[in-house]
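Colleague: I have a model open and would like to learn how to read its features. Could you take me through burial, sheets, helix packing and backbone angles?

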Amino acid sequence: MFPALSFNKVSKTFKVRAKSVEALSDITFDIHEGEIFGLVGPNGAGKSTTIKIALGMLGGYTGDVRIYGNSAEDSNARRHVSYVPESPSLYEQFTPNELLKTALEIHKVDKASHARLRNLWLERLSLEAVASKRLRTLSKGTVQRVALAHALIVSPKLLVLDEPLSGLDPVGRKDVIQILRDYKQSGGSMLLTSHVLYDVEELADKFGFIQDGVLEIAKNPNSLLMDVAAPLFSVRYHSLENLTPDGVELRAGLYEMTVPQDELINFLGWLNERQGLLISIKPFVSLESAFLAKVRQA
């Protein structure tokens, strides 16, 4: 079976003020059915260029890009692909209900199921109350949810999301994360980019860190971090005194501190001297840590 999306030694160079700037350098990765690939990196690293090439919006590259075995430059290959950009440009004079109806008509979905599908996605993304309001009157977060409904209502096989949780409140963010998990569980594949690294860590099966057009693949945050930084540990403790060094957080009545491995023994000695009660020590690895370590290392 072909991967949902495949990049094979893809490079792209732009001309900037008569100089050649390499935006991508031999990028290679596969996204398989039911897999979420999280692409992270600083601004200008190559994330948007990767998305534009995948969607056939940008040509003039070397290498090969395929969607389910077909060239990404073939418009037919993108028939079952949905895309949600960071700042969706939707028809502002439309209502969410009208926009979803248009999507179903364009994709020639059986008309008998139109009403059911519209109601389903309006409900899943908490849009019932604004279903008949013009998009230009809605908040950024609400428009983002409309764009996700518009993308998902046609049951795409591949979903490309650029900063999909941008502008969402905490409740909306949680709901959308669950919807995307359900989409994956149903067999959908996803290319996801985000600066909110926690969201990528929550959703992705594997990660790509891109910097200056060069991609490094990691199967999990741990493997990426271990290459670039000393291990970290999360230490939780209780104290009747106010033992709050820099970096400590109070959570559910307990203090929690992230401590590098080479400082752990000294920290535990410090805690013991002040009669703090140690609750737990566990490895702490996050994509945030890996990302920051990579940026500092570059």
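Modeller: Gladly, starting with burial: a residue is buried when its relative accessible area is under 20%, exposed when it is over 50%, and partly exposed in between (1.4 Å probe, protein chains only). Helices (H or I, at least four residues) and strands (E, at least two) are DSSP runs, numbered from the N terminus. By those rules strand 11 (residues 232–238) is mostly covered, with 5 of its 7 residues buried. Do keep in mind that this is a predicted model, in which local features need pLDDT of at least 70, side-chain atom pairs count only at pLDDT 80 or more, and totals for chains, interfaces and linings use all residues. Residues are numbered from 1 along each chain as its sequence is written, and side-chain values use heavy atoms, leaving out hydrogens and water.

Colleague: How many helices and strands are there in the chain, and what share of its residues counts as buried?

Modeller: The chain has 9 helices and 14 strands. Of its 298 residues, 46% count as buried.

Colleague: Then to sheets. How do strands pair in general?

Modeller: Strands of a sheet pair through backbone hydrogen bonds, either parallel or antiparallel. Here two strands pair if DSSP finds at least two bridges between them. Strand 11 is one example: 6 bridges link it to strand 13 (residues 254–260) in the antiparallel sense, and F233 stands opposite V259 of strand 13.

Colleague: In what order do the 4 strands of the open sheet lie?

Modeller: They follow the order 2-1-4-5, with antiparallel pairing. The edges are strand 2 (19–31) and strand 5 (70–71), each of which pairs on one side only. Strand 4 (residues 62–67) and strand 5 run antiparallel and are joined by 2 bridges; I67 has N70 of strand 5 opposite.

Colleague: And what is the pairing in the open sheet of 6 strands?

Modeller: That pairing is mixed, and the order is 6-7-8-3-9-10. Strand 6 and strand 10 (214–218) have a single partner strand each, so one side of each is left without a neighbour in the sheet. On average, neighbouring strands of this sheet are turned by 15° against each other, direction ignored. For a pair to look at, take strand 6 and strand 7 (residues 158–162), which run parallel and are joined by 4 bridges. V81 has L158 as its bridge partner in strand 7.

Colleague: Which strands does helix 4 touch as it packs on that sheet?

Modeller: First the terms: contact means heavy atoms within 4.5 Å, while axes are lines fitted to C-alpha atoms, for helices over the stretch in contact, with angles from 0 to 180 degrees between N-to-C directions. Helix 4 touches strand 6 and strand 7, and its direction makes about 175° with that of strand 6. Helix 5 (residues 170–185) packs on the sheet too, touching strand 3 (36–40), strand 7 and strand 8 (189–193), at about 155° to the direction of strand 7.

Colleague: Where does helix 1 lie?

Modeller: Helix 1 (residues 47–54) lies across strand 1 (5–16), strand 2 and strand 4, running at about 115° to strand 1. It is largely enclosed by the rest of the structure, because 6 of its 8 residues are buried. Those buried residues are K47, T49, T50, I51, I53 and A54.
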